[in-house]
Amino acid sequence: MTATAAPPAPAPEAEPPVHKPSVRKRLVPYWLLLPGILWLLVFFVLPMAYQASTSVQTGSLEEGFQVTWHFQTYWDAFTEYYPQFLRSLLYAGTATVLCLLLGYPLAYLIAFRAGRWRNLLLILVIAPFFTSFLIRTLAWKTILADSGPVVEALNTLHVLDVTSWLGMTEGERVLATPLAVVCGLTYNFLPFMILPLYTSLERIDTRLHEAAGDLYATPATTFRKVTFPLSMPGVVSGTLLTFIPASGDYVNAELLGSTDTRMIGNVIQSQYLRILDYPTAAALSFILMAIVLIMVTIYIRRAGTEDLV
Amino acid sequence: MTDKTAGGDVRLTGISKHYGSFTAVHPLDLTIPQGSFFALLGASGCGKTTTLRMIAGLEEPSTGTVRLGEQEVTHLPPYKRPVNTVFQSYALFPHMDIFENIAFGLRRRGIKSVKKQVDEMIELVQLGEHARKKPHQLSGGQQQRVAVARALINHPQVLLLDEPLGALDLKLRRQMQLELKRIQTEVGITFVHVTHDQEEAMTMADTVAVMNGGRVEQLGAPADLYENPRTTFVANFLGTSNLIEAAVESAGDQVVVSAAGTTLRLPGARCSTTPRTGGKLLVGVRPEKLSLVPADEEHTIAAGRNKVTGRITASSFIGVSTQFVVDSPVCAELEVYVQNIERDARLTPGTEVVLHWNPEHTFGLDAAQDIDAGTETVEEGA
């Protein structure tokens, strides 16, 4: 580094032992990356390429499919199924908002008020994962069953009148209505909202709350001006982790909904597995992906998370 | 918000704080005069920060009242008190730039046009070009000044400083001490400063309260505390003291004591306890008051001075002074600081010496106390 009066002669002697390991060392990160890269290649890039080619094929199962660059499939699929697209975004959006409203107070409580109960509460948040997704969703079928205690209670309290008026339920039942699907989505994705929220809230130095209070901010203002802005990274990642999988979900609509509540996931599933129209199914998948990508990009730009620490 | 009329003192009456069975602050009465620079000094865990937080409203006292001028604020939440705090870790809002951090208090009080005031404050703390930066882009010293500006802009009745210089390196710390003192003189606001650094407390404050174990040990002007400590804790915590255990031979205006066969004198007025003939007394003297001569020059010492013989066991050259440790019959480790005006080459470890000092520079303490109180805790919590 510094200029020294050392003779240049010893330098070439000293260089080889230093040089050799450095080449090997430089390759180490790539070796370590290799499994991950292979994984992505085999399970992400190749299927994507395969799907992309499928989406521009024409043909039938009997005659076989050929790549004909038939982009018309995209337009046809979109115009035929746009109600399901809209419904997916609406249901996923509603579920995301509900998750945020339910999850934020809970994450706040765990991060700031739980004391020694913190770890127990966190375990309880992820406890549902110990049971299969399917079983849990089926359990909701029982919970929301016609003339079950939940529906009875909602009826007595005239909650169902309100939800019917909103178009979320029909008559005196919850099952097979949009409400049931949204409830299922909210329930299933709630932990994905709570955990990132908790992580970003937990990182906030409580002395910032004291400082805000000291500078004449009421507790409500402190929340609005300090806590909430600082939890934005958690809000953004929580809503993304909820919204993205919820918009492609089909299990909740399948088990808790009816034909009137079919989401785009259900359409793709039946195109693939029942109707066996692979090009349409692939095109629908790509359209969904494009819509979600565009929405997420706009959302992240808007939320301005790169500005946060 | 600001009450600049007379009687803006901070008055703590019988305030205490318990956490379960632990008492952080014992019932405490304290009056902090308006416009003063007041320091709460003590080792970590002595209750100084808790006391500060009770004034700020961040901690509710278990008993007692807090008054700011005529207003009782004991149960007011922090956002309703005319006090502001500079936090130990600064607690700047990381998502806001410097301008917004400083404007925060004004905006919360509904003041719309903050630009002029904030700009002035940014100038006062010399951060002009950093107004639009985020806190993490600034150095520790700059962040510290933002924290001061953010509090001062509200013209609080009292500014509370919780170890505000703790995170800075020594040089910057000295600089900021002078800076804070300058600002305090300029704005005339009461500053209450919590610190564990005795030098910092003495340089900055008009009045220092030395706290130990949740109580105020002694309160007074820095020079007064230093010259006339009333407890062994204060004597040892503020600077260094040589404490000698001695038996009282005669009391009165002039107290005569003897320790290990050596007779020492001190003024009766400088005893914090009433010495009784036949009783015990701790005799103290500061290391810089002592003079040191080789044993064979004892005849050069003027009459009437206190004299102690001994042998140098260690010496360390500090630059402005040399610090000697002298083993003597009266005390195994007497510390002596000698100014390096003319260095006597004979004063090396092993040399037999005579220490002498003016009896007026001696103080007397109650012998019932722990002689080592306050010696080990000085750098704790730094």
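Start with strand β7 of chain B, residues 158–162. Of its 5 residues, 5 are buried, so the strand is largely enclosed by the rest of the structure. Keep in mind that this is a predicted model.

Which residues cover the two faces of β7(B)? On one side sit Val158(B), Leu160(B) and Asp162(B), and on the other Leu159(B) and Leu161(B); all are buried.

Now the neighbours. Strand β6 of chain B, residues 83–86, runs parallel to β7(B), and 4 bridges join the two. To find your place there, look for Thr85(B), which stands opposite Leu160(B). Strand β8 of chain B, residues 190–195, also pairs with β7(B) in the parallel sense, over 5 bridges. In that pair, Leu161(B) stands opposite His193(B).

How does the chain get from β7(B) to β8(B)? It passes through helix α5 of chain B, residues 170–187, and this β-α-β crossover is right-handed.

Last, the contact between the chains. Chain B puts in 19 residues and chain A 17 residues. On the side of chain B that touches chain A, the elements giving two or more residues are β6 and α2 of chain B, the latter spanning 98–108. Helix α2(B) gives the most, with 3 residues. By type, that side of chain B divides into 10 nonpolar, 6 polar and 3 charged residues.

Methods: Residues numbered from 1 in each chain as written. Chains lettered and ligands numbered in written order. Predicted model: local features only at pLDDT ≥ 70, side-chain atom pairs only at ≥ 80, totals over all residues. Buried ≥ 20, exposed ≤ 12 C-beta atoms within 10 Å, placed from the backbone. Pairing = 2+ DSSP bridges. Right-handed = clockwise from strand over helix to strand, strands pointing away. Contact = placed C-beta atoms within 7 Å. Nonpolar A, V, L, I, M, F, W, Y, C, P; charged D, E, K, R; others polar.
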